[in-house]
Amino acid sequence: LFHEEAQRALRVFKRMRVPDMPGTPRLAEACGPWFFPIVAAVFGCYDPDAHVRMLQEFFLLVPKGNSKSSYGGPLMLTAAIMNRRPEAEFSFVAPTIKVANIAFGQTKGTIRLDPELEKLFQIQTHLRTITHRLNGTKLQIKAADTDVVTGGKDVATLIDETHVFAEKTTAADIFIELRGALGKRKEGFLFQITTQSKKPPAGVFKAELEQARAVRDGELELPLLPVLYELPDRLVERDAWRARKYWPLLNPNWGRSVNEDFLARTLTAAERKGKEELILVASQHSHLDFVTDVVV
């Protein structure tokens, strides 16, 4: 890590406020501490003299309910502030128009809660675009189901819910374009943040997940940081995902947006409804991707 870059990014990120929480606290208090090292890694791997980012890809697999989308908007705002390239383009790609509008609303709310950010950014609601007034950097929030998603000239892209792309016939081409943009901009990055798919992983999501696992397991060397909250196979095969002692290991926002009572009620209700509901709960809250043979 380039320590000064990492610390500056953390200062920027932590001072932002969460618009949809009581009291609109700063992320310094509201954000789960597990996410701070990720922020430090994204921005601390940037060499400010060579204008090169040592890690260009980040893959975060985290169960439903861990505030991943709430942290994604401030992460990209931090990127726009830290950016040194004039007229740079950034994208936040949400799975649907509904989620894109929510993400834009949260990001807009974060800006309006801070007078300094309001001075720094121009908000264009009809375009779901936020522009840095000093250097022209644009952050556009797009919907994967309605907007055109290409690599274009993007310096950085955050994809929310990569598993949704498995259903898009053009997904492989989109990812080729996004990575092509990174080749032209050595300071750029692609950040994927996703839950497990509700069906067995397929298409581009399966390929991206398997690549992240291969890097994690030391089988592949790429400038990619994989952060995967999932149980090892030996525990999955013993149905250990049902054991409460493992739930905090899978849910980094434990005690904040995720709590034991809620997960226990969810599991109990699923067990009463039957196998299909149990498989759905296991995939979304315990990140099992081959549960059809495990859950009976």
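Gln124 stands opposite Thr129 of strand β6 in a predicted model, for which local features require pLDDT of at least 70 and side-chain atom pairs count only at pLDDT 80 or more, while totals for chains, interfaces and linings use all residues. Residues are numbered from 1 along each chain as its sequence is written, and side-chain values rest on heavy atoms, with hydrogens and water left out. Strands β5 (residues 121-124) and β6 (residues 129-132) are paired in the antiparallel sense over four bridges, where pairing requires that DSSP find at least two bridges between two strands, and where helices (H or I, at least four residues) and strands (E, at least two) are DSSP runs numbered from the N terminus. The two strands, β5 and β6, form a hairpin with four residues between them, and Arg128 in the turn has a positive phi of about 50 degrees.

Among the buried residues of α3 are Phe36, Ile38 and Phe43. Thr110, which is found in helix α5 (residues 97-112), is likewise buried, with a relative accessible area of 3%; residues up to four places away in sequence not being counted, Thr110 touches Met16, Arg17, Pro19, Leu77 and Leu117, contact meaning heavy atoms within 4.5 Å.

Glu87, placed in the loop between α4 (68-82) and β4 (89-94), is exposed, with a relative accessible area of 57%. Neighbours within four places in sequence aside, Glu87 is in contact with Asn135, Gly136 and Thr137, and the C-alpha atoms of Glu87 and Gly136, which lie 49 residues apart along the chain, are separated by 4.4 Å.

Key: Buried means under 20% relative accessible area, exposed over 50%, partly exposed in between (1.4 Å probe, protein chains only).
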